[in-house]
Amino acid sequence: MLGFLFRLLPFWVREPLLIVVGSVFGVRIMYLALRDEVWVAAGIGVVFLLATAARVHTVVRALRVRRNPGPTAPAEGAMSGAAVRSQPQAPTVRRPAPAAPRKEPNAWGQAAAAVAVFVALGAALWLGPQLLPSDDGGVPQAPSCSSGEDEKLPSAYGETSQAVTGDELCKALNRSDLAQLLGTPTETVTVASGTNNTAPLTDGKIAQPEAEVQFETYTVHASVTYNKLSIAQYVKLMEFGEETDVRTLSVLGRPAVLSSDHTMAFEIDLGSSASGGPVEQGPLARTLSVALDGKDRGGYCDITVWSTSGGFPDDSVLLGIAETVLPAIPDRTV
């Protein structure tokens with residue numbers, strides 16, 4: 001099909017086109033073959049260049065013929081002057097003026113246009129790997145939070161007017177500069193999700209939206225719990241728990257506390273067993289809990305960071321994330 005289309009093109013378009021394509025492909029194949037020492041490919045490149053040289057010779061010869069045309073043969077039916085004089089004069093017939101000769105397209109213009117177009121094509125083929133973004137050098141579009149507009153919210157969200165949804169929390173957390181805040185600016189988001197959960201052991205009466213953004217190195221989890229537990233009471237509970245490295249501080253003028261605890265790892269059995277595996281201890285995570293208001297009247301936001309390797313960034317990273325994400329969470333307090 002492609003060959004048929006090429007044959008339909010005029011000579012002064014087709015031949016320059018084939019010369020450009022052949023030279024670009026030939027030089028490119030020769031370059032790659034010599035770089036990688038693939039001699040079969042080098043032979044293919046030589047074939048391209050030889051075919052291109054033959055077409056260049058054809059075009060040059062055609063240009064010479066066009067520039068210096070040979071003598072034209074005498075017109076058919078031409079008669080000598082004697083023969084014309086010997087024959088009786090025919091009555092003069094007035095004929096219409098001959099039509100203006102059809103102007104042929106400019107061969108040089110066609111050739112120049114074809115060369116210009118396919119020089120651009122050849123440059124794109126040659127420089128394509130350098131111009132197009134690669135998997136490691138480019139910046140692919142980060143996954144967006146799934147919209148939960150059609151999801152029915154639990155009744156706890158209706159009873160708590162200031163409660164945000166998991167989708168809103170996810171949009172606040174899934175920031176374009178989150179990787180920069182984590183200290184891994186070259187990484188991109190692999191998973192971003194939000195859920196409209198309720199707090200455990202509350203019979204679904206306490207709204208607790210959650211959001212999670214995963215990178216190759218770290219995972220960031222955020223949740224907002226709309227209960228009556230203050231940060232001061234939360235710190236007292238930590239004294240009786242297994243949390244380690246507890247430190248109280250203030251974030252955006254609100255009481256806050258830093259703590260460390262292990263995540264949980266679930267094992268799912270895909271074999272013949274009907275039940276899943278046991279719940280195991282996951283990697284250590286660092287959590288910053290911040291009160292929902294400066295007076296610490298109850299409710300808090302948790303921001304947790306962990307990695308599968310078991311490490312997490314410095315506390316200053318968690319503080320930077322909280323100071324950036326918390327103002328982006330919709331505030332519906334009256």
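This is a predicted model: local features need pLDDT of at least 70, side-chain atom pairs count only at pLDDT 80 or more; totals for chains, interfaces and linings use all residues.

Reader: Which cysteines form a disulfide?

Author: The general idea is that a disulfide is a covalent bond between the sulfur atoms of two cysteines. A search of the whole structure finds 1 disulfide, and the cysteines that it joins are C145 and C170, with an S to S distance of 2.0 Å. The two partners come from distant parts of the chain, 25 residues apart, with C145 in the loop between α5 and α6 and C170 in helix α7.

Reader: What is the handedness of the disulfide between C145 and C170?

Author: The torsion about the S-S bond of C145 and C170 is about -85°, and so this disulfide is left-handed. As for accessibility, C145 counts as buried because its relative accessibility is 13%, while C170 counts as buried because its value is 0%.

Reader: Which residues are in contact with N174, leaving aside its neighbours within four places in sequence?

Author: With those neighbours left aside, N174 is in contact with P143, S144, V189, A192 and V213, and also with C145, the disulfide partner of C170. N174 itself is found in the loop between α7 and α8, and it is buried because its relative accessible area is 19%, where the cut-off is under 20%.

Reader: How should I read the largest nonpolar core, and which of its residues touch the most other members?

Author: In soluble globular proteins, nonpolar side chains tend to be buried together. Here the largest nonpolar core has 40 residues, of which L173, L178, L182, V251, L288, I321 and I329 touch the most other members. Helix α10, residues 315-325, gives the most to this core, with 6 residues. Apart from this core lies another, of 7 residues, among them Y234, M238, A291 and Y300.

Reader: Where in helix α9 do the buried residues fall, seen down its axis?

Author: The buried residues of α9, which spans residues 231-240, are I231, Y234, V235 and M238. Seen down the axis of α9, they fall within an arc of 100°, so they line one face of the helix. On the other side of α9, K236, L237, E239 and F240 are exposed.

Terms used: Residues are numbered from 1 along each chain as its sequence is written. Side-chain values use heavy atoms; hydrogens and water are left out. Buried means under 20% relative accessible area, exposed over 50%, partly exposed in between (1.4 Å probe, protein chains only). Helices (H or I, at least four residues) and strands (E, at least two) are DSSP runs, numbered from the N terminus. The arc is that of the directions from the helix axis to the C-beta atoms. A nonpolar core is a set of buried Ala, Val, Leu, Ile, Met, Phe, Trp, Tyr and Cys residues joined through side-chain atoms within 4.5 Å. A disulfide is a pair of cysteine sulfur atoms within 2.5 Å. Contact means heavy atoms within 4.5 Å.
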